[in-house]
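Okay, everyone, thanks for coming.

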Amino acid sequence: GTRPGTNFISFNLNQGKRNGTPLIDPVKSRWFNTVEFRQAVAYAIDRQSLINNIFRGLGELQNSPISVQSPYYLSPKEGLKVYNYNLEHSKELLAKAGFTYNTQGQLLDASGNRVRFTLLTNAENKTRVAIGSQIKQNLAQIGIQVDFNPLAFNTLIDKLSNTLNWECYLLGFTGGVEPNDGANVWSPDGGLHSFNQKPQQGQVPLENRKVADWEAEIGRLYIEGAREVNEAKRKAIYAETQRITQEYLPMIYLINPLSMSAVRDRISGVNYNALGGVVWNIHELKVDTN
């Protein structure tokens with residue numbers, strides 16, 4: 001199966017100010033905080049081509065913050081919203097949100113501003129750099145100019161955690177079977193709630209930071225899920241969190257590579273899986289010494 005974990009892009013939805021200066025250009029902040037804009041971007045990313053070009057076909061589309069190995073994972077067959085490549089629908093959503101095109105095919109907002117933003121990732125990860133390059137090409141097809149800027153990892157983390165001065169980034173989180181392990185991502189006060197980050201302890205406070213109703217609801221549901229002991233009710237709670245995240249797209253999920261390992265042919269008893277790898281059943285493995 002696929003590796004647990006996530007790969008995604010995320011826009012900075014923080015509308016706060018620091019010392020009277022907005023963290024994000026208010027023009028761009030209006031784009032980023034428009035759900036139709038985020039959905040249009042999701043539909044414009046050709047994720048299957050990412051799999052074919054970068055993972056040589058050895059991957060699957062990703063649609064949820066919860067790993068597919070988790071019993072709390074909500075599949076598309078169970079009603080999870082997905083954003084398969086559809087440029088026509090992407091442009092329809094942009095038109096609905098008041099965006100238009102000029103004669104050069106460049107996307108403009110309702111005030112005539114050209115849609116252009118910077119996408120960051122960590123330069124050390126060549127897979128992410130390749131993904132970012134294709135996303136830049138994909139979004140050009142709907143008239144968006146993406147300035148792709150891979151940075152040193154420490155510089156990127158400083159922007160995400162301290163200065164909070166960024167527009168869009170490409171990263172991933174480690175997954176697992178327990179959804180509440182990601183509560184720090186989804187709580188509006190969490191240290192990894194990067195798409196609308198609260199200042200860390202000791203940092204200059206923000207003025208006018210806003211938490212959307214859907215954002216607060218996800219945080220509330222994660223608390224409720226941690227308290228619930230009935231498995232059926234717990235699964236329903238985390239299913240609702242996935243429905244909300246896929247509707248409002250604070251993170252646009254991309255692709256997962258398949259999980260694979262090479263094992264010498266003299267080892268028998270291997271029962272490989274994406275969570276445990278090769279040696280989870282080490283007591284059953286045998287080595288042919290001949």
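Let's start with a quick one: is lysine 198 buried, partly exposed or exposed? It's partly exposed, at 38% relative accessibility. Bear in mind that this is a predicted model. The side chain of lysine 198 meets aspartate 189 in a salt bridge, 3.7 Å from N to O. Aspartate 189 itself counts as exposed, because its relative accessibility is 52% and the cut-off for exposed is over 50%.

Take lysine 81 and glutamate 247, where the closest N and O atoms are 3.4 Å apart. Lysine 81 sits in the loop between β4 and α4, and glutamate 247 in helix α9, so the pair ties together parts that are 166 residues apart in sequence. Lysine 81 is partly exposed at 28%, and so is glutamate 247 at 32%.

Now over to the strands. β7 and β8 run parallel, with seven bridges joining them. To get from β7 to β8 the chain goes through helix α5, and this β-α-β crossover is right-handed. Arginine 116 stands opposite glutamine 145 in β8, but its salt bridge is with aspartate 147, at 2.8 Å from N to O. Arginine 116 lies in β7 and aspartate 147 in β8, so this pair links parts 31 residues apart in sequence.

Last stop, the surface. Val263, Ile267, Val270 and Val287 make up a nonpolar patch there, with about 270 Å² of accessible area together. Valine 263 is in the loop between β11 and β12, and it's partly exposed at 34%.

Note on methods:
Residues are numbered from 1 along each chain as its sequence is written. This is a predicted model: local features need pLDDT of at least 70, side-chain atom pairs count only at pLDDT 80 or more; totals for chains, interfaces and linings use all residues. Side-chain values use heavy atoms; hydrogens and water are left out. Patches are made of residues with over 30% relative accessible area and no salt bridge: like charges are joined within 9 Å, nonpolar side chains (Val, Leu, Ile, Met, Phe, Trp, Tyr) within 5 Å. Accessible areas come from the Shrake-Rupley method with a 1.4 Å probe; for residues, only the protein chains shown count as cover. A salt bridge is a side-chain nitrogen of Lys or Arg within 4 Å of a carboxyl oxygen of Asp or Glu. Helices (H or I, at least four residues) and strands (E, at least two) are DSSP runs, numbered from the N terminus. Buried means under 20% relative accessible area, exposed over 50%, partly exposed in between (1.4 Å probe, protein chains only). Two strands pair if DSSP finds at least two bridges between them. A crossover is right-handed if, with the strands pointing away from the viewer, the path from the first strand over the helix to the second runs clockwise.
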